[in-house]
Every structure is written in C-alpha cells, then in structure tokens.
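These are my notebook entries on a set of look-ups in one structure. I recorded each item in the order in which I came to it.

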Amino acid sequence: MGEKQLDLNEYINREIHCSCGHTHFSGVKVIDIDKGAVDRLPALIRDLGHEKVFIVADKNTWPAAGAKAAQVLGTCGVTYDKVILDYDEVVPDETVVGEIMTAFPMGYDLVLCVGSGTLNDLCKFVSHRLGIDYIVYATAPSMDGFVSIGSALMLRHVKTTLDAHGPIAVVGDLDVLCQAPMHMIAAGVGDTLGKYTCLLDWKLAHLINGEYYCEEVVGMVETALKTVIAQSGKLEQRDPAAVKAVTEALVLTGIGMSFIGNSRPASGCEHHIAHYWEMKALMEGKNPAKHGTQVGVAMILAIDLYHRLAKEEPDFDAAMARPYDKEAWIRDMRKYYGVAADGIIALEEKCGKNDVEKRNQRLQVMKEHWGEIRSLIEESLPPTADMVELMTSIDAPVYPEEIDISTERTKEAILYAKEVRDRYTLLQILWDLGLSEKFAG
C-alpha cells in the first residue's frame, strides 16, 4: 500500500473518468469533520438549499448530539421537527421505518440523521423513498456506511441491502466524535480491518468469475485501511487527530462503495459471517454486538481460514464430481435460517450460485490458477496474530465467544453465511472446493 494521504475533496463534486473504464461520481457535496462542525450546520443547510429539517435521533444520540444540533438550528432560525426513537437498541426493520415515516411532517425538505450505523441506514432509506435529501451528523466513527448508497435493513428477519441514496453532506463534530463510547470507536476499526478479506474476496471474484474490478477504488479502500492502522494506537486516548483520520477513512470507504454502486469494495465474507450472527441473535430476541465489532471478530476468523486455504492442495476433480442435493440444502436453510429461510431460498432460485455447472466452471478456473490464488492470499493478508494484537490493543474483542457467539454458531456461519448474499467470497470458494465442513470442524 502506498503513502497517499487522505484528501476527501479529491473524490467529491466532480466526475472521475477512471482507468477501469467507468465514470465514478459521489452525490455527497460537503464533508465537514472537525471541531465546531455543529455550529456550521445551519449555514450548511441553507447553502444546500434547504429550509425545513426533520431530525431523526435515538435516546442515546439525542443527548449526545441531537439536542445541541436542534438548539443551534433553532437559534439560527432554521425550522425543525424531530423524532427520537425510544429503543435500547434500534433494529432497522419495517416497524422502525414505519415509525419514522409516520412521524415525518408534510412539507419538510431535509432529513438530518443524528447517529451512525443503524440510524444512517434508516434515514437514507426513508429520505430516498420520500424523494428528499438527507445529511448525516455522525456521532461515532463506528462504521463505513456513511456515504454508501445502499441501506442495510432487516426485512422479514433477513439482513437485506436495498437501493437508496447517500447523504448530500457528512458532518462530524470532533467534540462529539471524541466522546463516543470506546467500543463504538473500536467497532469502526474492526469494520475497516475487514477490508483485508473483502478486497481479497473481490480480487478472487475478478479472477475466478470475471467480476468487474476497479484498481482505483481498491486503492482508495487500501488508503483508508492504512490510515486506520496508523492511527489505531492513538484512539484509546481519544486523540482528536486520530479520531478525525479514522472518521475520514470510514467516509472514504463509503465513497468507494458509491463509486461502484454497491458494497463490494467494503463487504465480503467477514460481513456475511457478521450478518449471519446478527440475524440469528435477533431471531432469538438478543441484542447483537455492534456491526463493526462483529466484523472485526469475523475478519480475524476469515483471515485464519484464508491462511489455511493457502496450505491446501485441493482435489479439483473430486470437487467437480461432488453431487449437490438441493432438497437437503433447502432442509438446512429451513433449520438454520428459520423464519428467514423463504428469502434465502428465493435468493438462490434467482441467482443459482450453487448450480453444479456454474460451480464446476469456477472450479476449472481455480484449478488453472491455483498457484496465483495461493500467492494472492499470502501477499494480501497479514498474519492472524498481527490482527489479534492490533484489536487487543484497543480493547476490542477478537474471538466469537467474547461477543456471545458459540462455537456451534461459528461453525454454522462458515457453512451457511454464504447464502446471505449473491456475492462470491471465501465462503463460496470453500463450498465449491468441498472444504466447508473441514474448515468449520
């Protein structure tokens, strides 16, 4: 990875004619992550052409940042209304979407999200459906979805990414960001470190499946990853420069996602494992760990699985001869996905990622390029122990049991989390090779 420094203005307010052959553009117009950002909020809103602001917060983000933002808006004569979601943990499902939509006052032209991960997903979806802009006022550097165009919601108990739009502005006041709970800052680090495995997944999907791949966007995400690693040692002291750098790195990753039009640059097998864990916890009436926290734990697991894979000498002919029992697969989906199984089965009917002919085509490519695949793994990933040491240094969990994930649940994720998305990752590679059971054992 190069030594390029972050300058987010390079990526906004212009079209980028990329070497990949695509033209990239992000809808975000302003990024203000610095001290005193909340005081600049009224002028920003007016400069962007808006007058009536609907604030969405929860019972944690309202006292942390929402109340001050509302006070500043009111003092400056900006009309606002608000909804404060009264949940211990907000789940981005149909109920909460309905609550926000119901509270939205007629005639308002902007949604101001006061929060980070879940609230941001909800506000980008609701504002998109209402046909109005939104601004995210970040309260923690906890995840990389601030400016992505997809909205991750729980629909019929399945974690689903829906088309939405990104914010027109990202505001982050360092006085607020530096006071975020440490586990949320660590979650942002975990979410970023997950780019190690997601970028490798993307490289291998390009090699094996011919999937579209952009070196420039990969470089952006690698810059974000390098920045977070460099600043991680200062985060426990809540160093403002470190918190600012990490927040900007998370925003940069989101810009990369908006350039591609989906979450491929930022979400791979580590996210699918985390999604599976989250879905299962919610089905059981439990509050899962923060998204980035789960991703950080899943990242360490995925790096270890990848290093194990690099040592394998697969029997490609045996893998190609392996039968696929669709009925048995459906029974497994019913067993492990429960009320979410219908959505999982429908996804497979649509994309056919387990189709034997498609699988064998992928295996043939793997057979021809196995040496290259092994080299990519060895060159792309750090030792597992290095990631354990880094996460431990910021008091972040590193093993599933530390976030109430049993050994059995981890095995299930290796076997079945690939069904959450139609996306080629390590988990599908293991299934193609007939190694899922071995690696889950």
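Entry 1, strand pairing. I began with leucine 110 and found that its bridge partner in strand 7 is aspartate 133. For cysteine 113, I found valine 136 as the bridge partner in strand 7. Strand 6 (residues 110-114) and strand 7 pair in the parallel sense over 5 bridges. I note that two strands pair if DSSP finds at least two bridges between them. Helices (H or I, at least four residues) and strands (E, at least two) are DSSP runs, numbered from the N terminus.

I am working with a predicted model, in which local features need pLDDT of at least 70, side-chain atom pairs count only at pLDDT 80 or more, and totals for chains, interfaces and linings use all residues. Residues are numbered from 1 along each chain as its sequence is written, and side-chain values use heavy atoms, with hydrogens and water left out.

I then looked at strand 7 (residues 133-137): 4 of its 5 residues are buried, so strand 7 is largely enclosed by the rest of the structure. Buried means under 20% relative accessible area, exposed over 50%, and partly exposed in between (1.4 Å probe, protein chains only).

I found serine 258 in helix 9 (residues 240-260). Is serine 258 buried or exposed? Serine 258 is buried, with a relative accessible area of 10%. Leaving aside neighbours within four places in sequence, serine 258 is in contact (heavy atoms within 4.5 Å) with Phe25, Ser26, Val147 and Ile149.

Two packed helices are described by the angle between their axes and the distance between the axes. Axes are lines fitted to C-alpha atoms, for helices over the stretch in contact, and angles run from 0 to 180 degrees between N-to-C directions. Helix 3 (residues 94-103) and helix 4 (residues 117-130) pack at about 55 degrees, with axes 10 Å apart. That angle makes helix 3 oblique to helix 4. Angles under 35 degrees count as roughly parallel, over 145 as roughly antiparallel, 65 to 115 as roughly perpendicular and the rest as oblique. I listed Val96, Val97, Ile100 and Met101 of helix 3 as meeting Leu122, Phe125, Val126 and Leu130 of helix 4.

Helix 6 (residues 182-193) and helix 17 (residues 384-393) pack at about 160 degrees, with axes 10 Å apart. That makes helix 6 roughly antiparallel to helix 17. Val189, Gly190 and Leu193 in helix 6 meet Met387, Leu390 and Met391 in helix 17.

I located glycine 296 in helix 11 (residues 291-310). Glycine 296 is buried, with a relative accessible area of 0%.
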